[in-house]
Amino acid sequence: DAVQRHLVEMAPTFSAERLTGNADGFGTLIMGVGAGAFIASVFISGIQTSKGRGNALIATGLVSGLGQVVLSLTSELWLATAAAAVMGGAQAAFMTMGQAVTQSIASDEFRGRVASLNTVGLGGIMATMNLFNGSLADQVTATSLLFWEGIAFAIIMLVSLFAVTGRRVY
């Protein structure tokens, strides 16, 4: 899952910087992300209306960014694990809702192609961000990357509410 790949890139460094003084908290953080993703995926599976999917998309997008911010501010492993679970759940739900909304908007004859392009586009962006994060890791801390990327994503989600396309999707 792309969400876990993003955290996997930074979790050992974040754990060493903020939590345990080494990478020992890495496994615990990843378990938190996975547990949150599982619970959120089960929870959102029952959303059947377009309005419900739109509301879930915007809510999980905001929580996704803010979950990253909360994670970056924690220094206790148990709290970081809870924040990672919230972040993982929100990000998994956001990605799932994004696909569901994209597929519900597309015409029947184009749905598969649109979903494929959406998946490839998102995967490419995430891979590029992981490359970017890796190159920044030498200059800034994993903690500040988590914090500022979380803030930026939350702001993008809020700004999208004012775009005509965003309002149509949500």
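A search of the whole structure turns up two aromatic pairs. Here rings of Phe, Tyr and Trp (its six-membered ring) pair if their centres lie within 6.5 Å; planes under 30 degrees apart count as stacked, over 60 as edge-to-face and the rest as tilted.

One of them is F94 with F153, edge-to-face, at 5.5 Å centre to centre and 90° between the planes. This pair links distant parts of the chain, 59 residues apart: F94 sits in helix α4 (residues 77-105) and F153 in helix α6 (residues 142-160). Helices are DSSP runs (H or I, at least four residues), numbered from the N terminus.

A word on the source. This is a predicted model, where local features need pLDDT of at least 70, side-chain atom pairs count only at pLDDT 80 or more, and totals for chains, interfaces and linings use all residues. Residues are numbered from 1 along each chain as its sequence is written, and side-chain values use heavy atoms, with hydrogens and water left out.

Buried means under 20%, exposed over 50%, partly exposed in between (1.4 Å probe, protein chains only).

The rings of F147 and W148 have centres 4.8 Å apart and planes at 90°, so that pair is edge-to-face. F147 is partly exposed at 22% relative accessible area, whereas W148 is exposed at 55%.

Last, helix α5 (residues 111-136). L122 lies in this helix, and its relative accessibility of 37% makes L122 partly exposed.

Note on methods:
Helices (H or I, at least four residues) and strands (E, at least two) are DSSP runs, numbered from the N terminus.
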